[in-house]
Amino acid sequence: MNQTTIPPLPYNPKALPRETARHYIPATAQDIQAMLGSLGLSQLDELLQHIPASVRMAEPLALPEELSYEALYRHVVEQSRKNCVPDMAFLGDGLPHYKVPDLVPFVAGLRELMTAYTPYQPERSQGTLMTQWLYQCCLAMLTGFEAMNASQYDRATSLVEALYTAARLSRQGHTHFLLLGSLWPQDLEVVRTLLEGTRLTYDVVPIDPARGTVPLAALEQQATVKADTLAGIAFPQVGSLGCLEDVDGLTDLAHRLGVRAIVVTDPMLLATGGLKAPGTFGQEGEGADILVGEAQHLAIPPHYGGPGLGVFGMRYNAAHQQDMRQAPGRFVGDAQDEAGRPAKVMVLSTREQHIRRHKATSNICTNQGFVATLTAAAILARGEQGMQEACARGRTNATTAARALLRLPGVRLAFPDTPFWNAFVLALPCSSAAMIETARQRGIHLGVDVSSRLPGSTGNHLLLSFSDLQEPAHLERLTEVFVEMLGAPDPAGAPAHATTVTLPEVPTAYLRREPVGLPSWDGEQLRTFFTSLSEQNISPDRTCYPLGSCTMKYNPYINEVAASLSGFAQLHPDAPLADAQGTLEVLYNLQEYFKAITGLPAVTTQPVAGAQGELVGLKMFQAYHRSRGETQRDVVLIPHSAHGTNPATATMAGFETVQRGAETLSGVVEIHAGSNGQIDLDHLRQLLTRYRGRIAGIMITNPNTSGVFETRFQEIAALMHAEGGLVYMDGANMNAIAGWVDLGALGVDAVHNNNHKTWTIPHGGGGPGDAIVAVSARLAPFLPGVQVVRTAHGYALEHPSQSIGSVHRHFGNMGHKIRAYTYLRALGRQGVRRMSAVAVLAARYLHQRLKGHFPTLPRETPDSPRMHEFIITLPEATFEKLEAAGISRTRAIGPFGKLFLDFGYHAPTVSFPEAQGLMIEPTESYTKAELDRFADAIIMMLQLVNEQPTILHTVPHFTPVDRIDDVSANKRVVVSARLTTLPPVLPNRIAPDQLAQMPLEAIAEAIRTASAAKRQRPG
Ligand SMILES: Cc1ncc(COP(=O)(O)O)c(C=O)c1O
C-alpha cells in the first residue's frame, strides 16, 4: 500500500513514553538488571524456575514477528481495508446503526474514564459513577422504568438474566417461560444455550406467518396449559420481522396470569414521537415488569456486533419496592460523603458474586460499563430534539422506502396488515439471497434474508432496516437498484404516485403518550462536563494502578485507533462474508495465536468477559458429559480462594448447590488450600472419593489468587481426568505465565483469557471486557458460536459439530478483538514471554521491597515464590495500635486502602481473597523508579499510621469527596432521577497529577494537616 494513504495518528506517540516502549514495557535494560540483581538473579527466566519443566512451553511461540510502531499502524489500516463497508446499508436486524454524536469519540478519548477500573473505590471513581448514573437516568426517562441497570453484556444475555430474575421473583417458585417466536432468533439461540441443563424451561410460541406476530389467543391458550409452572412471558415490542406486537395486550395477559411481563425493546425507538414507553404498557398503564434491550447503537457503530450494551430494567415503585434486589449486575445510587456532599456509589452489591458467591443473583462481573458511559454521552448530546429526530428519521426513511419499493413488480409487504416502525419485510418475486449478492456487487448491503424465520417461505423474504443514516439520495439509489434488478413499476398496475401506496397504520395505543423531556445542552458544555468528570478518576496511564487480580496495565493508544478504523468499526455483523474478510482474518489469526499461547488445540472468540468464559467452559463440560450419557455429574470443585465468579458461574450453569446441614449434596464443593497456599491434594483426594462418579469438573485459578503457581496442577488434572471429570483453568492471571506455561501439558480442558487484563483492553470503569476461551481436543466439538476457517476462497464460518450454541447475539465484543490483535502484533513471538516475565519481575521486586515492613499472606507461605501479584497485611503491632484507636482489625484494611488514594494511587484489591489482605499487582507497565516511588509511598503510609492511627478515621483527604456513606445509600436506594440540570462536579482537593509531583514527605504532611482539620470539624 502507498504509505501516503495512511491517515495521520490523532496523537503524537513520541510524547507518550509507555506507548513507544518496546512491548509497552518502559523499564530499561538497566532497570531490569537492577531489579533482577536485587533478587539475586541474572536472567528473566530464572523467575519462573519453580514451574515444573514438564509444563514449560517450548520456545518460540508460533506468533508472527513483532511489528514496529509504524509498521503496526500500517498493518492495521491495511487489514481494516480488506473489509468493504459501503456507505449504503439497510441491515439492522437487532443491531441497528445510527449516526454517532461527536461527543462520543471525545468522551471515548478521556483516558481517565476509559481506562479506569470498576468503581469499587467510589471516592476515586466519581467520574465513572456519575456517567453510569446519567445512563440510568436517561434510560429511565426513555423507558418509564425506574431502575435501569448499568449494565449487561448484550440484549441476548440480558434476556437470559431477565428469565432468571423472573424465576427468583416467582412466589410459587415457578420456572417456566413462554417466549414469543417473534424475538430475535439470535437471542433465542443464546437462551437455548444458557438454559440447557438448568432448572429453567421455556416454550417458544410460533408467529402467525400471515401477520409476522404471535396471536394473543394462541399465547393465552399455551399459557393456560402451563399456568401451574409459568413465571413469565417474554415478548418484543418490535419483533425480528419488524412487526409491532400488541404490547398492551401482552402485558395485560401476563398480569392476568399473575406472571411477569418481560419486554424486549429498542430504547432508540422510545424517544418522543416514537413508540410507547414500556413503563406504561397495559390498559391501565401499569407497565411491564422487566425490560431487556440493546443500546450499543445509541452510542457506537456496529463493530461487527460488539461491544454491545445489554439494557436491563426493573420496576422500583410503590408496588415493587423489593424486586430490584433480585436484579443481576450493577446499579449506581445516590449517596453522600461523611461531610454531606452529594456523591454516587454502587448499591445493592450484596447480591453480587464477589459477596454472595454461589448464591449471587448472577455471575456477571465485568460488564459493558463504558458503553453505558458513552450511551449517556450520546443521549445527552442528542438531547430531546436529537433523540426525537433520530427516531423519526428511521421511521420516515422506512415509510418512504416502502412506498417506493412497493410500486415495483411483484414486490409486496410480507405482512400487509401488521404495523411496523422502521423495519419491514418484503416478499420478493425472486430469491432474497440473490438480490443481496447482486446489491453487494453494486456497493450496497441490502438487508437480511429472513426466509428461514417464516415457515413456507420460498427464500424470498428480505428484511430492510432504516435509521437516521440514510439520506434521500440513498433511498433513491435503493429504488434504482431494485428497479435494475426487478424492472420498473408497471404503469398500468401500480399507483401513479408513490405516496398513494397504503401502509399499515400504527395504532395510537402503540405510541408514546408523553414527551420524554430530555434536557438539551450545547456541545461545549458537555465536553467541559465530561472532562471534569474524567478528572475525578485516575488512569493506569499515569502511574501504577495496583489492583491485584485485575491486571491494570497500560492500554496502548494505538489499539483504540485500530478498533475505530472505519473498515472495522462500521462493519455490520450481517454484512456478506465476502465484505468482511479483513475482520474474519483477524478472528482466524486470534484463534491461531491463542492456540499457540495456551498450547491447546481449539479456541472460541465469542465470550465477552471472564465470567462468561467460565460459563462457556461449564456449559461445554455439561455437553461433553451429556454426550457420554453421564448426566449425573452434578458437582463442581472450587477452591475457597477462587474469585466469586467461579461459584456463581457454576450455579448459573445449573450446578445449584444443595446442602443438608453442613454437608453439600451437590453443586459447588469447596477445596481447601494447603500450608503452601496451593490446593490441598489430600483434601482433593477425599472429595474425589466422596463424590465419585458425580464430579463434572474442577475450576482452578492458576497462578492462584495469592499469586502462587499451582506447581502440582498436572497431578490434580490427572486425578480429575481419572475420575472422568474435566479441568477448568481460570486464566485471569495469564499475565504471569503467558508464553511460559503449556496449558495443554498442564491438563487444562478449558481456560479463559481476560482480554481486559492480560491483553490490554481498557477496563472502561467496569467493562466492556472480553474473553477468549481455549479448549482441549475433547471439548473442541462443543465450542460455542462459529469457528472462522480458511478456505481456498477466503475466510468462512463453520459451526462446531456438537456446538453448545451461541452465547452472544453476534460474534462477541469484536471491537475488543481488534484491540487484542493489535497488541499481539506489537508483542510478536518474543514479546509475550517478555511481558509476563517482566510482570513477574515487577511483582517480585516490589514484594522484596515491602517484605521487611509488611507480613505476607497467606501467613504460612511467606517463601512460596510469588508470580505477578502478592498479598500483604499490616504488622501485628500496627493492628494493635489501630485497635487502641478504635479501628478494629476487621475494619482496618479498607481505610488503609484509601490511604493509597491520598498518595495519588488507586487502592490495591482489599480484603480478597484474604480478609486482611492488600493484593498488589504492579504489572510490567512501570519503570523501576516508578515502582520504587510506589514502594516508598506504601512504606510511608505504614509509618503514618503507626505514628497516628486515627488518620484512618479521616481518609481519604484529597479526593473530590470524603469517605462515602454506602450504608445509608443502601438503606434508601435511589437509582434514577429526572434530569434537568447537569449535576455539579466537585474538584479534587489535591489532583493526582499534583500529588505525583510532590515529595512523599510533603504528601504525608498534607495528610496530617488535612486529618487534623477534619477531626476538628463539628459533628
Ligand atoms: C481471578 C478472576 N476470575 C474471574 C474473573 C471474572 O472475570 P470478568 O470480570 O472478566 O467476568 C476475575 C475478574 O475480575 C478474576 O480476577
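Visitor: Is Val945 buried or exposed?
Guide: This is a predicted model, so the answer is computed from its coordinates. Buried means under 20% relative accessible area. Val945 has a relative accessibility of 0%, so it counts as buried.

Visitor: Which helix holds Val945, and which residues does Val945 contact beyond its neighbours within four places in sequence?
Guide: Val945 sits in helix α28, residues 928–947. Neighbours within four places in sequence are set aside here. The contacts of Val945 are then Thr878, Leu882, Phe896, Leu899 and Leu952.

Visitor: How many Å apart are Val945 and Leu899 in space, C-alpha to C-alpha?
Guide: Leu899 is among the contacts of Val945. In sequence, 46 residues separate the pair. In space, C-alpha to C-alpha, the separation is 9.5 Å.

Visitor: Which residues touch the most other members of the largest nonpolar core?
Guide: In soluble globular proteins, nonpolar side chains tend to be buried together. The largest nonpolar core here has 143 residues. Helix α25, residues 814–851, supplies the largest share of this core, 19 residues. The members touching the most others are Leu637, Trp759, Leu899 and Phe903.

Visitor: What does Leu899 touch, not counting residues up to four places away in sequence?
Guide: Leu899 is one of the residues that touch the most other members of the largest core. Residues up to four places away are not counted. What remains is Met941, Leu944, Val945, Ile951, Leu952, Val955 and Ile1007.

Visitor: Which residues come nearest the ligand?
Guide: The shell around the ligand has 14 residues. By class, these are four nonpolar, seven polar and three charged. Helix α20, residues 610–627, gives the most, with three residues. The nearest are Thr366, Ser549, Gly610, Ala611 and Asp730.

Visitor: How much of the ligand's accessible area does the protein cover?
Guide: An oxygen atom of the ligand is 2.5 Å from an N or O atom in the side chain of Thr366. For His643, the corresponding distance is 3.4 Å, and a polar side-chain atom of Lys757 lies 2.9 Å from a ligand oxygen. Of the 380 Å² that the ligand has on its own, the protein covers 99%.

Visitor: How many residues of helix α21 are buried?
Guide: Helix α21 spans residues 645–653 and is mostly covered. The buried residues include Thr645, Asn646 and Pro647. After α21 comes Gly654, with a positive phi near 120 degrees. The buried count for α21 is nine of nine.

Visitor: Which residue's backbone oxygen does the side chain of Asn149 reach?
Guide: Asn149 lies in the loop between β1 (147–148) and α7 (155–169). With a relative accessible area of 0%, Asn149 is buried. Its contacts, leaving out residues up to four places away, include Tyr135, Phe312 and Arg330. At 2.4 Å, its side chain reaches the backbone oxygen of Pro328.

Visitor: Why does Glu352 count as buried?
Guide: Glu352 lies in the loop between β9 (342–347) and α12 (353–356). Beyond four places in sequence, Glu352 touches Gly329, Arg330, Arg357, Ala360 and Ile364. The cut-off for buried is under 20%. Glu352 is buried because its relative accessible area is 4%.

Notes
Residues are numbered from 1 along each chain as its sequence is written. This is a predicted model: local features need pLDDT of at least 70, side-chain atom pairs count only at pLDDT 80 or more; totals for chains, interfaces and linings use all residues. Side-chain values use heavy atoms; hydrogens and water are left out. A residue is near a molecule or strand if one of its heavy atoms lies within 4 Å of it. A polar contact is a pair of N or O atoms within 3.5 Å; within protein, one must be able to donate a hydrogen and the other to accept it, and residues adjacent in sequence count only if both atoms are side-chain atoms. Accessible areas come from the Shrake-Rupley method with a 1.4 Å probe; for residues, only the protein chains shown count as cover. Helices (H or I, at least four residues) and strands (E, at least two) are DSSP runs, numbered from the N terminus. Ala, Val, Leu, Ile, Met, Phe, Trp, Tyr, Cys and Pro count as nonpolar, Asp, Glu, Lys and Arg as charged, and the others, Gly among them, as polar. A nonpolar core is a set of buried Ala, Val, Leu, Ile, Met, Phe, Trp, Tyr and Cys residues joined through side-chain atoms within 4.5 Å. Buried means under 20% relative accessible area, exposed over 50%, partly exposed in between (1.4 Å probe, protein chains only). Contact means heavy atoms within 4.5 Å.
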